[in-house]
Amino acid sequence: MKKHLSELAIFGGIPAFTEKLHVNRPNIGSKQILLQRINDILDSKWLSNNGVLVQEFEQHIASLVKVKHCIATCNATTGLEIAIKACELTGEVIIPSFTFVATAHALQWLGIEPIFCDVDPSTHNIDPQKIEALITAKTTAIMGVHLWGRGCDVEALAEIARRHNLKLLFDAAHAFGCSYKGQTIGNFGNVEVFSFNATKFCNSFEGGAIVTNDSELAKKIRLMKNFGFSNYDCVDSIGINGKMSEVSAAMGLTSLESMEDFISINRKNYKKYQHELSNIPGVNLITYDEKERCNYQYIVVEIDELITRISRDKIYEILWAENIIARRYFYPGCHQMEPYRSRIADMGLMLTNTRNLASRVLALPTGTAIGSKEIGKICQVLRLATSGGNLINEKLYQNLHAC
Ligand code: T4K
């Protein structure tokens, strides 16, 4: 009978998790209120197409973000595509290479080439100093990503965009409820897009929201997300079906009502990880600026292999074997995925920080699905795995459950 690492006497024999602990288990607000809302939707027989709950969801977000316009969408990827189309981008757009692949795909889907820029290793966000070298006659915009909910260097990006007459967009999929220099994210650049996917701390099953303070742009976006219809029988522009359904809005509104609780649980979990990891050399938790509003929805550690003497990938395998389903976000980097990888073979060589981060980063479970006890055990496994270092030899490893 194979044993879990944590059960081995040599490591102190802590009982293993019997159920899988996933990263990004959805937070569920009040089931009762959600079910009531769904019941009302069914009774009203209005299921989609700009229903009352979608309108309420949009107003709620606009007021939370303190932004003029919010347009709900079926997901953030479609939201990005609509925003890109509405901004009339063409040619090339500069984005960070260390992000979820949807950032790049949203552009490529529209025939626009994403140009990958390296990130700042201390923030994981696009490095403004590396952008200008990538600007060509074809560049029409910069699209920053507020990775993990930590704001990009908005001023530096805005200054470059201004100097080169480029549009500035933000993929704010991670950053709902966060601020940058005291201002709520959602107010920067021409337009920003949030995600309310099930894995986000506030979710609408699937969903997104495009936010902007530009009234003309908002009008265009509103038309575009509904096939371009400005009225019955009247189509004013090209459009797509980017609409959010009423049931998604019901979940979204219910999530928003519990948003503060979710953030406070995430923050408590973050603090527990911070405490537990403080004495595990080489497992470095990323920091959030306490002066800003943060949603703390990602617990991200960087593994310093020189100190741990065990690779991030080995730690990842050990965690999985222990039923801790950590993720290597965003390995191996967008530029190493198709269709981008084939396009520029040595792109990885130029994106040194992205390459390093992609080999060091691990996202760990958090959210309402777990608490102090589980975090204590996750960190105990990390402690054992890393203090083992060369103890985690092949023989011992063979004792572990296969992933
Ligand atoms: N830009 C950025 C920077 C993004 O991170 C994302 C999405 C987007 C744009 C696009 O947003 P959307 O179009 O999705 O609104 C997940 C999410 O599906 C994706 O939304 C998110 N980023 C990305 C970071 O994570 P995967 O491929 O890792 O999903 P998956 O199915 O492996 O699930 C992740 C974890 O969540 C697993 O451990 C299982 C758990 N999970 C997931 C779902 C859906 C659950 O426990 N229950 C669930 O219902 O992309």
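I began with R25 in this predicted model: one of its polar side-chain atoms lies 2.7 Å from an oxygen atom of the ligand. I then looked up T77, where a side-chain N or O atom is 2.6 Å from an oxygen atom of the ligand.

I checked how much of the ligand the protein covers. On its own the ligand has 920 Å² of accessible area, and the protein covers 77% of that.

I looked for the site itself. The ligand sits in the largest pocket.

I went through the shell next. There are 26 residues around the ligand, and R25, T77, D171, R327 and Y329 come nearest. By class I noted eleven nonpolar, eleven polar and four charged residues.

I asked why the ligand lies between the two domains. Domain 1 (5-25 + 259-326 + 365-402) and domain 2 (31-257) both give residues to the shell, so the ligand lies between them.

I turned to the backbone. Most peptide bonds are trans, and most residues other than glycine have a negative phi. Y329 and F330 are joined by a cis peptide bond with omega of about -5°. F330 is in the loop between β15 (324-325) and α11 (340-343). The bond from Y331 to P332 is also cis, with omega near 0°, and P332 lies in the loop between β15 and α11.

My last entry is K45, which is not a glycine but has a positive phi of about 60°. I found K45 in the loop between α1 (31-44) and α2 (52-65).

Key: Residues numbered from 1 in each chain as written. Predicted model: local features only at pLDDT ≥ 70, side-chain atom pairs only at ≥ 80, totals over all residues. Heavy atoms only, no water. Near = heavy atom within 4 Å. Polar contact = N/O pair within 3.5 Å; in protein donor to acceptor, adjacent residues only side chain to side chain. Areas by Shrake-Rupley, 256 points an atom, 1.4 Å probe, with all protein chains shown as cover. 1 Å grid on protein atoms, 1.4 Å probe; cavity = no way out; pocket = protein on both sides within 12 Å on 5 of 7 lines; lining within 4 Å. Sits in = over half its atoms within 2 Å of the grid points. Nonpolar A, V, L, I, M, F, W, Y, C, P; charged D, E, K, R; others polar. Domains from an automatic or database assignment. Helix = DSSP H or I, 4+ residues; strand = E, 2+ residues; numbered from the N terminus.
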